[in-house]
Amino acid sequence: MKRNNIIVIGMGYVGIPIAVVLAETEKSTVIGIQRNSKRSGWKIASLNSGKSPFPDTEPVIAELIAETVLKKKTFSVDSEMKHVEKADAVIITVQTPIDPATKQPLYQNLFALIQQIGKMIKQGVLISIESTLAPGTTKHLLAPLLEQYSGFIIGEDIFFAHCYERVMPGKLVKNIKEYPRVIGGYSEECAKRAALLYEPISFGGLSLTDCTTAEIAKTVENAYRDINIAFANEVSTMCESLGTDVYTVRELVNNFPFDPSSSQTNPYRNMLFPGTGVGGHCLPKDPWLLLYGLQKFGAFPVETDLIKTARKTNDSMPNHLAELILQTLQEKQITIETTKIVILGYAYLRNSDDTRNTPVKHLKEILNERGVGTLIVHDPYVDPDEGVTRNLESAVTDADCICIATNHSVYEEFNFLSFQTMMRTRIIVDGRNTISKKHKKELLLNDFTVVTLGVGKPKPPDQPSFT
Ligand code: SAJ
């Protein structure tokens, strides 16, 4: 397969890494297409000047952009779709959001893009869609559109595959090169052609399958993680009720080795961490894409309570954390209307500036709805324009409660004792088990109240009842 001219549509967390990794091989000239919209159009000039849109959190990408744009000159960005006409391969990486109310995919933009591409592509082109899709989308929705608007037959004149991404913030390039890539072809020939495109950059190997299986694998991969996080969240609330520590329970569960003779082997269990909730652009969305595909293209209905309940459990965690805060304030006879609360962390993920679907947004909304007097959010990574402060001292001054909502490593290094004289009341509610056991002991000895999500108050022994 010829790979001289590659077009990558969508210059975001997925499009930019795949574009620069392909451009780095110098086997291809890559043009990134970015809509010149108000929100993201600035990326065109920024990328063409060799600058990364996320320099702080993705240093490797910044180097690769500079190298491929300025030195090798194998990567450039434009807003014009006309480059598709000469493309040997088109990689689609646009977002596939869901409607927050109906939980159904908002495919309008994707359909319009497929129609536009269909009208422009030449014979022999390979189209790879990396965006996460509901199972059945490639085969039943996008392929017919592509054939209708191009007049070509997929598998003979043109080739179409779903080759989903496995990017993770902070490891965008590493994952592309080192993780196995699943290639979901519309036909066997399509899968083979797509494999030729990805083979030179995929050192983790390629797994070829059909497009629907690939769509299921991707959405299941994230539904699986979402359910496991929900399990940890549910166990954490059980431990609160039973007066025990979920983190101790998790350590004991996970120290159950496959092979007792060498406990370093993979544990038999891998219980995840409870917390403030589940944010990001993958887990809150992908389980719903999976369910939509089943509902729309499944041959018969299937009960999917587990997946839906997991979503509900994870979405309930901001409320649970708010209750822990309000109960603790009440125990200290602090009136909600005059209290000052500081939330540490707004990003959905540790050491990240990414606030997509952050559960802390819900925590803020709940506390404001409950009439909290003053609410301030601190985050060392997130842009202050998102309503967060970088000035911690002024934030904690006269505060009654500090709530740790995101476990940025900077908070792990804090000596919270230094806030002793600044705070009005010394309450800390730790949503992410960020404060070490040792520091927690020091704080308790210095008139702090420290409440950790998932750690219950030991219950006094019940009087034995012999009735
Ligand atoms: N979270 C927990 N407890 C955990 C793990 C995560 O509450 O034990 C929360 C996080 O705080 C965050 C949310 O879940 O709010 C999502 O965290 P994540 O670690 O899953 O990170 P994401 O959203 O960036 O997920 C991506 C996914 N990657 C792709 O879809 C390509 C996911 O499949 C990966 O497993 C994940 O990165 C990863 O492991 O880093």
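**Figure 1. Asn-433 is partly exposed, with a relative accessibility of 30%.** In this predicted model, Asn-433 belongs to the loop that runs between β12 and α16, the latter spanning residues 437-445. Although Asn-433 is not a glycine, its phi is positive, at about 50°. A second residue of this kind is Asp-447, which is likewise not a glycine and has a positive phi near 65°. Asp-447 is placed in the loop between α16 and β13. With a relative accessibility of 56%, Asp-447 counts as exposed, because exposed means over 50%.

Figure 2. In Arg-432, an N or O atom of the side chain lies 3.0 Å from an oxygen atom of the ligand. On its own the ligand has 730 Å² of accessible area, and the protein covers 87% of this area.

**Figure 3. Asp-226 is a buried residue in helix α8.** The helix extends over residues 211-242. The relative accessibility of Asp-226 is 1%, so the residue counts as buried. The side chain of Asp-226 makes a polar contact of 2.7 Å with the side chain of Arg-311. Leaving aside residues up to four places away in sequence, Asp-226 touches Val-278, Leu-283, Pro-287, Ala-310, Arg-311 and Asn-314.

**Figure 4. Lys-122 and Asp-88 form a salt bridge between two loops.** Side chains of opposite charge can pair when their charged atoms come close. The closest N and O atoms of Lys-122 and Asp-88 are 3.1 Å apart. Lys-122 lies in the loop between α4 (108-120) and β5 (126-129), and Asp-88 in the loop between β3 (75-78) and β4 (89-92); the pair therefore ties together parts that are 34 residues apart in sequence. Lys-122 is partly exposed, its relative accessible area being 28%. Asp-88, by contrast, is buried, with a value of 5%. The count of salt bridges in the model comes to 21.

**Figure 5. Glu-331 and Lys-457 are joined by a salt bridge.** Their closest N and O atoms are 3.7 Å apart. Glu-331 is in helix α12 (residues 317-331) and Lys-457 in the segment after β13 (449-452), so the pair links distant parts of the chain, 126 residues apart. Glu-331 counts as partly exposed, at 45% relative accessibility. Lys-457 counts as exposed, at 57%.

**Figure 6. Arg-424 and Asp-400 meet through their side chains in a salt bridge.** The distance from N to O is 2.7 Å. Arg-424 is found in the loop between α15 (409-412) and β12 (427-430), while Asp-400 is in the loop between α14 (392-396) and β11 (401-404). These distant parts of the chain are 24 residues apart. Asp-400 has a relative accessibility of 0% and counts as buried. Elsewhere in the model, Glu-26, Glu-67 and Lys-72 are linked in a network of salt bridges.

**Figure 7. Lys-43 is a buried residue of helix α2.** The helix covers residues 42-48. The relative accessible area of Lys-43 is 14%, and Lys-43 is therefore buried, since buried means under 20%. Not counting residues up to four places away in sequence, Lys-43 touches Met-11, Gly-12, Gln-34 and Pro-53. Lys-43 and Met-11 are separated by 32 residues in sequence, and their C-alpha atoms are 7.6 Å apart in space.

**Figure 8. His-408 is buried in the loop between β11 and α15.** The relative accessibility of His-408 is 0%. With residues up to four places away in sequence left out, His-408 touches Gly-345, Ala-347, Leu-349, Arg-350, Asn-351 and Ser-352, and also Asp-379, Pro-380 and Tyr-381.

Definitions and conventions. Residues are numbered from 1 along each chain as its sequence is written. This is a predicted model: local features need pLDDT of at least 70, side-chain atom pairs count only at pLDDT 80 or more; totals for chains, interfaces and linings use all residues. Side-chain values use heavy atoms; hydrogens and water are left out. A polar contact is a pair of N or O atoms within 3.5 Å; within protein, one must be able to donate a hydrogen and the other to accept it, and residues adjacent in sequence count only if both atoms are side-chain atoms. Accessible areas come from the Shrake-Rupley method with a 1.4 Å probe; for residues, only the protein chains shown count as cover. Helices (H or I, at least four residues) and strands (E, at least two) are DSSP runs, numbered from the N terminus. Buried means under 20% relative accessible area, exposed over 50%, partly exposed in between (1.4 Å probe, protein chains only). Contact means heavy atoms within 4.5 Å. A salt bridge is a side-chain nitrogen of Lys or Arg within 4 Å of a carboxyl oxygen of Asp or Glu.
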